[in-house]
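Here is a friendly walk through the inside of a protein model.

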Amino acid sequence: MIVFDNVSKRYPGGHDALKQVSFELSRGEMAFLTGHSGAGKSTLLKLIMAMEHSSQGQVLYDGKNLARLGRQGIPYHRRRIGVVFQNHSLLFDRSVFDNVALPLAISGADPSETARRVRAALDKVGLLHRETQNPVALSGGEQQRIGIARAVVHKPDLLLADEPTGNLDPELSAEIMNLFHEFNSVGVTVLVATHDISLVRELGLRQIVLSEGRLASGSASPVAEGPRS
Amino acid sequence: MNRRVKNKTKFVRLAEFSPLRLVVWARNHFKVGRSSLVRLRAEPLQTGLTVCVVAIALALPTLLLQLAGLGANALSQIGETSDINVYFDLGVQSEIVEERAQAWQNDSRIASTEVISPNQGLDEFEQFSGLGSILAGFEENPLPYVVRIQPSEQVLSRPAELQLLVQALDAEERVDSAILDLVWLNRLNSMVSFVDRLSYGVGFLLALGILLILGNTIRLTIENRREEIVVIKLVGGTDRFVRRPLIYAGLWYGLLGGLAAALLVAIVGLLISMPLQRLLVSYQSSVALPDLSFALLFKLAFYGALLGCAGAWISVLQHLRNIEPQ
């Protein structure tokens, strides 16, 4: 589904964030992207989101070169991806419901369908009872789960998460990771960037390890993993 | 290969215009329009000030234009009475005046004559100027006999001949002066066209001002919503989706400003209608004051909305592109 083919990313000023990175992530797979901070995890995710473009090499998404998307194509590319941020990027000027409904509002889903899907997503993360509240009133863990609900509400093919457990205690972190695992088990491809190695080991899934912009290990799928059931 | 790509684009375009897309499109616009109005209401001070500025900037040229229209209207009526007033010396007997008027009546250059006695003159003066009480202070009527002469069409169309006629009348015995009110007429005429031009000039400048003010307001809105815009772009919002509420905000500012401008014009019209009416009567003109018509209301709202949209567009084009998720 995602192919990095010898990808390098150099930022203006000469900093090399990624150096000749090649790996492949198959449809339905779940993998962790690990490495120290500054190893290039965020840059890699930004390349998949088309927030940045590679300086060298190609990033392919379903066989399409992301460098050729063009300004018009980028929003439609992003609609196929769900993203979870460390700072959850919720909007505090609207209710939990409206936050989660944002991707559906963007694609112009009809109101009853929107309500149904938002409630399903909120139910999945266990926060259906919060739908009318403002996210500012929720705890960090709850906010993160709202962010996850927003990321999956439009049924994306791919779920990306950038340090989703960065600010959470171990128990909550495990809960969040289990959520991702559950989404993967219904067929969503998941890539989670994290430095929480212990949690990763516990789940025993594929690791793509970056070190100073280079791929240290995990370039190929250990097993051709299909959707878990 | 090329052909296949072409066909594909065509198909996509067709799909974009299906009825379902239209419904979605209309629903989105309705929702966005309503929510941007709700957002304006959430910031009453900012909204109120912006709307006031737009209203004043629209009302000013409108009032000037109305004034010019009023002047032109009055002028067309005055123009019909391009009489020569022949003022006799004080104390001239009425028989002499009548006799003279009769003689002038036979002149081919003169269409008609009308004798106005000092008493009639006094009545007219009182009626039109409202200054009758001043004259009441005089023991005798200070006004002379006047013969009002309507020149023939032929003469009226030839300024040189008209001038000769006035000079001849002026030179007659016992005549104090013969006056054709053309100078005054010309002056008024050029004043009206000046105000007319001025209102367009002022209108143009103020329209530019509205564009800048609304552009700046929308720029501030964009700054305030930077975070929201970034999130929307991250979850796949198109430029159009981000732009839409901002354009609607501009539209509402302009539309509300236009309606408020109509209100201002109506209020100012009410305030000046009485004295203006009196002024017009004193010029023997009965021009109806322009009412605040639906046409004007519609026009102001329309131009306001148009300027609002344009201002928002300018701002959006300048500032929105730079906001990208980092």
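This is a predicted model: local features need pLDDT of at least 70, side-chain atom pairs count only at pLDDT 80 or more; totals for chains, interfaces and linings use all residues.

Helices of at least four residues and strands of at least two are DSSP runs, numbered from the N terminus.

Is H154(A) buried or exposed? Its relative accessible area is 14%, and buried means under 20%, so H154(A) is buried. The side chain of H154(A) comes to 3.3 Å from the backbone oxygen of R79(A). Setting aside neighbours within four places in sequence, the contacts of H154(A) include R79(A), I81(A), P103(A) and R117(A).

| Core | Size | Some members |
|---|---|---|
| Largest | 70 residues | F4(A), L44(A), L158(A) |
| Second, separate | 36 residues | A121(A), V152(A), A161(A) |

In the largest core, F4(A), L44(A), I48(A), L158(A), L160(A) and L191(A) touch the most other members. L44(A), for one, touches residues including F4(A), L18(A), F23(A) and L210(A), not counting those up to four places away in sequence.

How many cavities of 30 Å³ or more turn up in a search of the whole structure? The search finds one. The largest cavity has a volume of about 50 Å³, and among the residues lining it are L47(A), E52(A), H53(A) and Q58(A). Strand β4 (residues 56-61) of chain A gives the largest share of this lining, three residues. By class, the lining has four nonpolar, five polar and one charged residues.

Technical notes: Residues are numbered from 1 along each chain as its sequence is written. Chains are lettered from A and ligands numbered from 1 in the order in which they are written. Side-chain values use heavy atoms; hydrogens and water are left out. Buried means under 20% relative accessible area, exposed over 50%, partly exposed in between (1.4 Å probe, protein chains only). A polar contact is a pair of N or O atoms within 3.5 Å; within protein, one must be able to donate a hydrogen and the other to accept it, and residues adjacent in sequence count only if both atoms are side-chain atoms. Contact means heavy atoms within 4.5 Å. A nonpolar core is a set of buried Ala, Val, Leu, Ile, Met, Phe, Trp, Tyr and Cys residues joined through side-chain atoms within 4.5 Å. On a 1 Å grid over the protein atoms alone, a cavity is a set of points where a 1.4 Å probe fits but cannot get out, and a pocket is an open set with protein on both sides within 12 Å along at least five of seven lines; lining residues have an atom within 4 Å of a point. Grid points are joined across faces, edges and corners, and a volume is the space filled by probe spheres set on the points. Ala, Val, Leu, Ile, Met, Phe, Trp, Tyr, Cys and Pro count as nonpolar, Asp, Glu, Lys and Arg as charged, and the others, Gly among them, as polar.
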